[in-house]
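Here's a quick tour for anyone opening this structure for the first time.

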Amino acid sequence: MSEAGSHAADGGDGHAHPQPKYMLIWLYLLILTLAEVGVAFLAIPKWMIVTSLLVMAVWKALLVALYYMHLKFEPNRLRMVALAPLPAVAIMILVIMMEYV
Amino acid sequence: MAHAATAGRAPERGLDVYTQKVGMWVFLCSEVMFFAGLIGSYVVLRFGAADVWAEPGDVLAIGITAVNTFILICSSVTMVKAFAAAEADDQKGIRNYLLATTLLGALFLGIQVYEYTELVLHAEWQGSHGFTPQAGLYGATFYTMTGFHGFHVLLGVVCLAWATKRAYAGHWGKDNTHGIEVLGLYWHFVDLVWIILFTIVYLI
């Protein structure tokens, strides 16, 4: 997605923050939310519903993190800080899944 | 006067990001683990006792919650617009967008209180009247997860009200954007968590 608008502003820490098209991201989020509600009531197998809903939820979360929280435009050093808990979350998910293996 | 051992060296750049922003991201990392713990325990409990959970829409009202989700997403847009207005030194924009974010956050809380009231007073679950936190695993996990999220929204609304008050005093501007950006990071995180909770708790 190439969302960067024409104007860039300094966030006060010496980095130019390109300003994405915030309303376009909002529209994506709205459409995905409506799609989620629709999918939840489709007459298809439950595993397909769950998979679709999780994909759309992660998609929405990524849109918020990348564009509204500006992670897409932050230096890699800060991205590393932001992503630091994800390995721990992945380990926790694996341990939880082992309950059902 | 510079210390003799450091004289002539360039200052360390660290993360090259201002301290408050790094601090907020570190705090949000701890919040990720907090909500991951809640959601993880919900998944374990739910799949361990699938018969004590209702199908989507049977107990919880999806329509009004979808509207609430929409409201929180709108508040994320107004929050990020407030930050953009601060960077552009647009005082009217800062005031209006911060006020809108505060009101949307308060509206989300109001609807959540209404939802809780309806559930406690009128919902039917497993043959009994009222869906309360005492209604088994389903009730306990539902109110714990949405309640903790609501508490985070409440804290955000209080901080937003404070930021809005300062905006009307002309506090924010091109040279003072950090407070709005850091508060925005918290607010967007609250929105992000709700996106996950809405899917897992209401739709699956």
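This is a predicted model: local features need pLDDT of at least 70, side-chain atom pairs count only at pLDDT 80 or more; totals for chains, interfaces and linings use all residues.

**Two helices in chain B**
- The axes of α4(B), residues 136-168, and α5(B), residues 178-203, come within 10 Å and cross at roughly 160 degrees.
- α4(B) and α5(B) are therefore roughly antiparallel to each other, and their crossing is left-handed.
- On the α4(B) side, residues making the contact include B:Phe142, B:His149, B:Gly156 and B:Ala163.
- On the α5(B) side, they include B:Gly179, B:Tyr186, B:Trp194 and B:Val201.

**A pair across chains**
- Helix α2(A), residues 46-68, also pairs with α5(B): their axes come within 9 Å and cross at roughly 175 degrees.
- That angle makes α2(A) roughly antiparallel to α5(B).
- Residues of α2(A) that meet α5(B) include A:Leu53, A:Lys60 and A:Tyr68, while those on α5(B) include B:His188, B:Asp191 and B:Leu203.

**One helix, two sides**
- Helix α1(A) has 19 residues (22-40) and reaches 27 Å from its first C-alpha to its last, close to the 27 Å expected.
- A:Tyr22, A:Ile25, A:Trp26, A:Leu29, A:Thr33, A:Glu36 and A:Ala40 are its buried residues.
- Looking down the axis of α1(A), the buried residues fall within an arc of 105 degrees, so they line one face of the helix.
- On the other side of α1(A), A:Met23, A:Leu27, A:Ile31, A:Leu34 and A:Gly38 are exposed.

Notes: Residues are numbered from 1 along each chain as its sequence is written. Chains are lettered from A and ligands numbered from 1 in the order in which they are written. Helices (H or I, at least four residues) and strands (E, at least two) are DSSP runs, numbered from the N terminus. The expected span of a helix is 1.5 Å times one less than its number of residues. A residue is buried if 20 or more other C-beta atoms lie within 10 Å of its own, exposed if 12 or fewer, and partly exposed in between; C-beta atoms are placed from the backbone. The arc is that of the directions from the helix axis to the C-beta atoms. Axes are lines fitted to C-alpha atoms, for helices over the stretch in contact, and angles run from 0 to 180 degrees between N-to-C directions. Angles under 35 degrees count as roughly parallel, over 145 as roughly antiparallel, 65 to 115 as roughly perpendicular and the rest as oblique. A crossing is left-handed if the near helix is turned anticlockwise from the far one by less than a right angle, and right-handed if clockwise. Two residues are in contact if their C-beta atoms, placed from the backbone, lie within 7 Å.
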